[in-house]
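Then let us walk through it together, from the whole chain down to a few single residues.

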Amino acid sequence: QVQLVESGGGLVQPGGSLRLSCAASGSIFSINIMAWYRQAPGLQRELVAAATNGGSTNYVTSVKGRFTISRDNAKNTVYLQMNSLKPEDTAVYYCKAVLLSLGTKSPNVYWGQGTQVTVSS
C-alpha cells in the first residue's frame, strides 16, 4: 500500500509565497516521476511541474520563473516552492507519483488527496 500526503497549502496574498510538500510512504521500490497538478473550479486538472528521478524538470508555461519543483529522494518527498503568487494560481494542488512498488514489475500512478491554495487580498 502506498500513500501520498500533501501539506503546505493555505491563504496567501498576491505576490506572496508558499511551499507545498508531498511525502510518499509504503511499499516503495523506486519513484520514477513526482509531479504537481492543480485544478481550479470549473477547469480541468493541469500539470504544473514534474521532476524525474534523473533530475529533469518541466513546468507549465504560466509558472515558469515563479515555481520550483524539487525532490528529496532519500525521503521520497517532492516540494513545490511557489513565489510571486497570483490570484489565478488559486486551485487545489495534487501530488502525483509514478512509482514501482515492492514485488511488482510495472509502475503505477498514485495521487495525493489535494491541498487548497488560495491567493487573494
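## Some ground rules

Two residues are in contact when heavy atoms of theirs lie within 4.5 Å. With that in hand, look at the contacts in the protein between residues at least 6 apart in sequence: 55% of them join residues at least 24 apart.

Please keep in mind that this is a predicted model, in which local features need pLDDT of at least 70 and side-chain atom pairs count only at pLDDT 80 or more, while totals for chains, interfaces and linings use all residues. Residues are numbered from 1 along each chain as its sequence is written, and side-chain values use heavy atoms, with hydrogens and water left out.

## The whole chain

What is the secondary structure made of? It comes to zero helices and eleven strands, where helices (H or I, at least four residues) and strands (E, at least two) are DSSP runs numbered from the N terminus. The radius of gyration, taken over C-alpha atoms, is 14 Å, close to the 14 Å that the globule rule gives for 121 residues, so the protein is as compact as a globular protein of that length. That rule is 2.2 Å times the number of residues to the power 0.38.

Along its principal axes, the C-alpha trace spans about 50 × 25 × 25 Å. Of the 121 residues, 40% count as buried. Buried means under 20% relative accessible area, exposed means over 50%, and partly exposed is in between (1.4 Å probe, protein chains only).

## A sheet of four strands

Four strands form an open sheet in the order S1-S3-S8-S7, with antiparallel pairing. Strands S1 and S7 stand at the edges with a single partner strand each, so one side of each has no neighbour in the sheet. Two strands pair if DSSP finds at least two bridges between them; S1 and S3 pair in the antiparallel sense over six bridges. One place to look is Val-2, which stands opposite Gly-26 in S3.

In a regular strand the side chains alternate between the two faces of the sheet. You can follow this along strand S1 (residues 2–7): Val-2, Leu-4 and Glu-6 make up a covered face, and Gln-3, Val-5 and Ser-7 an uncovered one.

## The disulfide

A disulfide is a covalent bond between the sulfur atoms of two cysteines. Here it is counted when a pair of cysteine sulfur atoms lies within 2.5 Å, and by this rule there is one. The disulfide joins Cys-22 to Cys-95, with S to S at 2.1 Å. This pair links distant parts of the chain, 73 residues apart: Cys-22 is in strand S3 (residues 18–26) and Cys-95 in strand S9 (residues 91–101).

Both Cys-22 and Cys-95 are buried. The torsion about their S-S bond is about -80°, so the disulfide is left-handed.

Where is Arg-38 placed? Arg-38 is in strand S4 (residues 28–39), and it counts as buried because its relative accessibility is 7%. Its side chain makes polar contacts (pairs of N or O atoms within 3.5 Å; within protein, one must be able to donate a hydrogen and the other to accept it, and residues adjacent in sequence count only if both atoms are side-chain atoms). One joins the side chains of Arg-38 and Glu-46 at 2.7 Å, and another the side chains of Arg-38 and Ser-62 at 3.3 Å.

Val-63 lies in the loop between strand S6 (57–59) and strand S7 (67–72). With 0% relative accessibility, Val-63 counts as buried. Not counting residues up to four places away in sequence, Val-63 touches Arg-38 and Val-48.
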